Amino acid sequence: MEIGYYFALSALLFCVGLVGVLIRRNAIVLFMCIELMLNAINLTLAAAARMWGGPDGQVFVFFVIVVAAAEVVVGLALIVNLFFRRGTVDVDVPQLLRY
């Protein structure tokens with residue numbers, strides 16, 4: 001399979017995630033869109049590593065997976081806490097960052 005297909009799929013996934021982040025207001029959906037963008041970056045790094053034949057891209061993929069896992073743990077804990085306190089996960093609630 002051509003390497004350009006991987007890059008095109010990665011760009012498509014990243015655009016879908018970016019549109020989701022810009023349009024949606026639900027915090028859970030925002031997290032899913034961010035994860036989609038991070039996986040698009042992983043696909044690009046893995047494809048580049050395959051193209052150049054070095055292990056650098058795979059190491060960066062591992063690093064991005066670790067960062068994504070940490071982001072999910074902290075972010076979901078914050079969202080659950082905010083949901084129990086406010087009763088909503090909408091990021092447009094103006095009083096969300098006051099306290």
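Leaving aside neighbours within four places in sequence, Arg24 is in contact with Val29 and Leu30, where contact means heavy atoms within 4.5 Å. This is a predicted model, in which local features need pLDDT of at least 70 and side-chain atom pairs count only at pLDDT 80 or more, while totals for chains, interfaces and linings use all residues. Residues are numbered from 1 along each chain as its sequence is written, and side-chain values use heavy atoms, with hydrogens and water left out.

Arg24 sits in the loop between helix 1 and helix 2; helices here are DSSP runs of H or I with at least four residues, numbered from the N terminus. With a relative accessible area of 43%, Arg24 is partly exposed. That term lies between buried, under 20% relative accessible area, and exposed, over 50%, using a 1.4 Å probe and protein chains only. The C-alpha atoms of Arg24 and Val91 are separated by 9.1 Å, although the two residues are 67 places apart along the chain.

Let me turn to helix 2. Helix 2 covers residues 27-52, 26 residues in total, and reaches 37 Å from its first C-alpha to its last. That is close to the 38 Å expected at 1.5 Å a residue, the expected span being 1.5 Å times one less than the number of residues. After helix 2 comes Gly53, whose phi is positive, near 75°.

Which helices do the buried residues of helix 2 pack against? They pack against helix 1 (3-23) and helix 3 (56-86). Among these buried residues are Val29, Leu30, Phe31, Met37 and Ala40.

I now come to helix 1, where Ser10 is found. Ser10 counts as buried because its relative accessibility is 4%. Not counting residues up to four places away in sequence, Ser10 touches Ala40, Ile41, Leu43 and Thr44.

Leu18 also belongs to helix 1, but Leu18 counts as partly exposed because its relative accessibility is 36%. Together with Phe14, Val19, Leu22, Ile23 and Ile41, Leu18 forms a nonpolar patch on the surface, with about 530 Å² of accessible area. Helix 1 supplies the largest share of this patch, five residues. Accessible areas come from the Shrake-Rupley method with a 1.4 Å probe.

Note on methods:
Helix = DSSP H or I, 4+ residues; strand = E, 2+ residues; numbered from the N terminus. Patch = residues over 30% accessible without salt bridge, like charges linked within 9 Å, V, L, I, M, F, W, Y side chains within 5 Å. Salt bridge = Lys/Arg side-chain N within 4 Å of Asp/Glu carboxyl O.
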